[in-house]
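Please open the structure in your viewer and keep the selection tool at hand.

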Amino acid sequence: MSFSSLGLSPALISALKTRVYRAPTPIQSVAIPAALQGRDVLGSAQTGSGKTLAFVLPVLQQLENSPISRPRRLHALILVPTRGLCAQVGEELRSLGTHLSQPRKVSIVFGGVSINPQLLRLRGGTDVVVATPGRLLDLIAHNAIDLSTVATLVLDEADRLLELGFAEELGAILALLPRQRQNLFLSATFPPVLEAMARDLLHEPVRVELSSEPLTAPDIVQRAIAVDAGRRTQLLRHLIAQNHWTRVLVFVATKHAAEIVADKLRKARINAEPFHGELSQGKRTQVLADFKASRVKVVVATDLAARGLDIAELPVVVNYDLPRSALDYTHRIGRTARAGESGIALSFVNADTQAHFRLITKRHRLNLPLEQIEGFEPLQTTSLIMPSGGGIKGKRQSKKDRLRQAAGLQH
Ligand code: ADP
Ligand code: MG
């Protein structure tokens, strides 16, 4: 199953090419086509199963298919239980929404902050609102939001919305929504109150219920990305931003590289620290503590960090430089997906390291396709960097290629 078989528009398919997603997750592959057909959806799947995109993509596609009016009409209302989730979902809509043919307005509203800036920003209407229930009702009372045009209602983390005592507020909001609408309810668990509410509100929903048992075996998605050596830092920055990664462990080959890469990230205003054997024990402890407390987003480490380091909730490990051996590869990627969580391990591969990478994957009987990220397609090819004398006739390196190669070999 691929994203292109879900019925998504070409604009959204190309938006997804900026991400490292290979295929839709199970909940996405059921919920997205159903939602695109206008069906109600009731989906429950464990945290981390990709529920956000399961409703964000259909909502964006619906926007793309509806004309922009002045003032803007509210098409979709997304209710979430917390302020943090509000921001996260809103960012996802905005970031993928930039690929739509016309800019759409996504408004994020939550309580605990002054209402005035929110009132100002809602002038002229909005296409989508992502809200916590209480503040939404306040804004409705100020005539800043009109729910009568809503075509799609999303409840994200519906179980928590019900459990956090929002029942009364939810009831008030539902009473203001048109009866004729699409409902997309997503949840990590499926308590009886949710079942009861779904029975009341949903019309012949497509149901997806995936086990909410924690995974027992580590679930590490391994990916290999082809990128020229000289563009790895840029790609890393791109991936961190696009995927909203909050904690990334990056492996490099040398202490020097750890310092340089961490430095480059810091210059790009990403909180990064090197981690290697030349740092004092005190400094190393400090870096790990900061990493665990989310004061540091990226740790750039040598293989010193590959063994033994146990950080809960480390979703991403990146092999910026490949490990020396197949065994080191196992140790490195084993830093993610601890304690039944899922994780992703990415390896950057270039023309020079491709053969070495094949040896590692062969040892592990892995068949990892070399993927490319749009905008970072490698320019170097193996034939261009054959050692002199071994080149293919007629494919001698041009000066430009040699310069490119030299640039690519530096960090
Ligand atoms: P949930 O809401 O189910 O807890 P999220 O939607 O927050 O999960 O997604 C969890 C993580 O998985 C996010 O970092 C997201 O970018 C990533 N993700 C979403 N869809 C995919 C996919 N199809 N392939 C790989 N990663 C994905
Ligand atoms: Mg979620």
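The stops below concern a ligand site and then the aromatic pairs.

This is a predicted model, in which local features need pLDDT of at least 70, side-chain atom pairs count only at pLDDT 80 or more, and totals for chains, interfaces and linings use all residues. Residues are numbered from 1 along each chain as its sequence is written, chains are lettered from A and ligands numbered from 1 in the order in which they are written, and side-chain values use heavy atoms, with hydrogens and water left out.

**Ligand 1.** Select ligand 1 and the 15 residues that surround it (a heavy atom within 4 Å). Among the closest are Tyr21, Ala23 and Lys51. An N or O atom in the Tyr21 side chain lies 2.5 Å from an oxygen atom of the ligand. A polar backbone atom of Ala23 is 2.8 Å from a nitrogen atom of ligand 1, and a side-chain N or O atom of Lys51 is 2.8 Å from an oxygen atom of ligand 1.

**Phe3 and Tyr21.** Next, select Phe3 and Tyr21, a tilted aromatic pair with 6.5 Å centre to centre and 40° between the planes (ring centres of Phe, Tyr or Trp, the last by its six-membered ring, within 6.5 Å; planes under 30 degrees apart are stacked, over 60 edge-to-face, the rest tilted). Phe3 is buried at 8% relative accessibility, whereas Tyr21 is partly exposed at 29% (buried is under 20%, exposed over 50%, partly exposed in between, with a 1.4 Å probe and protein chains only).

**Tyr320 and Phe348.** Finally, select Tyr320 and Phe348, whose ring centres are 6.2 Å apart with planes at 50°, so this pair is also tilted. Tyr320 is buried at 1% relative accessible area, and Phe348 is buried at 2%.

Definitions and conventions. A polar contact is a pair of N or O atoms within 3.5 Å; within protein, one must be able to donate a hydrogen and the other to accept it, and residues adjacent in sequence count only if both atoms are side-chain atoms.
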